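Please brief me on the disulfides, the fold elements and the nonpolar core of this chain.

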Amino acid sequence: MRAIVSLGLGLLLLTVPAFAAGKAGLWQVTTTYQFGMRYVPPALVALSRAQALKPPVSGQPFTHHMCMTAYEAEGRQPPHLNSRDLDCVDRVVSFKGSHMVLETICHGPLEGVGRSQILWRGNDHFDGTYDFKGRFRGDPTRMSSSFSADWQSEDCRGVRPYIPQNN
């Protein structure tokens, strides 16, 4: 009987995501973008306006906030690092130790593939890089960035979390 109970508990533990890394709540993210296009993507301008910030400038640090959901913090879905205004889907390519690789596939005005490398340093800090190659409204584009994020509080203070749409 103990063996059956132990097996049952073991199976329950296996259903918990293996790559839980962060804390739910408000995160401060500082990103330095390198835009390979003539102007800042409209989704980043919208993010800036929503948080009453000046839009990012290529090569300059841009600090904003994101609200990480419990699902993201527990590893049930990848941290959503791109804007809700883009038609992009993230998926975890790999997660080994504290290193996560994400792939972002975009369809719509922004068409192409991005890849993120994230390194978790405890559950209240991560940093990484992002590289995107594709097309924006038909024009070839490339964008890269490096970013660093620190957990701020359990209260998202009005910053809306990303909630994926059910299709």
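A disulfide here is a pair of cysteine sulfur atoms within 2.5 Å. This is a predicted model, in which local features need pLDDT of at least 70 and side-chain atom pairs count only at pLDDT 80 or more, while totals for chains, interfaces and linings use all residues. Residues are numbered from 1 along each chain as its sequence is written, and side-chain values use heavy atoms, with hydrogens and water left out. The structure holds 2 disulfides, and the chain has 3 helices and 7 strands.

**Disulfide of C67 and C156**
- The sulfur atoms of C67 and C156 lie 1.9 Å apart and form a disulfide.
- This link joins distant parts of the chain, 89 residues apart: C67 belongs to strand β2 (residues 61–68), and C156 to the segment after β7 (139–153).
- The link of C67 and C156 is right-handed, with 75° about the S-S bond.
- C67 and C156 are both buried, where buried means under 20% relative accessible area, exposed over 50% and partly exposed in between (1.4 Å probe, protein chains only).

**Disulfide of C88 and C106**
- C88 and C106 form a disulfide with their sulfur atoms 2.1 Å apart.
- Distant parts of the chain are linked by this pair, with C88 in strand β3 (residues 88–96) and C106 in strand β4 (residues 99–106), 18 residues apart.
- The disulfide of C88 and C106 is right-handed because the torsion about its S-S bond is about 105°.
- C88 and C106 are each buried.
- With the bonded cysteines of the chain numbered in sequence order, the pairing is 1-4, 2-3.

**Secondary structure**
- Helices (H or I, at least four residues) and strands (E, at least two) are DSSP runs numbered from the N terminus.
- From the N terminus on, the order of elements is α-β-α-β-α-β-β-β-β-β.

**Burial, contacts and surface**
- The chain has 167 residues, of which 38% count as buried.
- Among contacts (heavy atoms within 4.5 Å) with a separation of 6 or more, 53% come from residues 24 or more positions apart.
- The chain has an accessible surface of about 10000 Å², 56% of it belonging to carbon and sulfur atoms; accessible areas come from the Shrake-Rupley method with a 1.4 Å probe, and for residues only the protein chains shown count as cover.

**Nonpolar core**
- A nonpolar core is a set of buried Ala, Val, Leu, Ile, Met, Phe, Trp, Tyr and Cys residues joined through side-chain atoms within 4.5 Å.
- The largest nonpolar core has 26 residues, and W27, M68, I118, W120 and F126 touch the most other members.
- At least two residues of this core come from each of β1 (25–35), β2, β3, β4, β5 (110–120), β6 (125–136) and β7.
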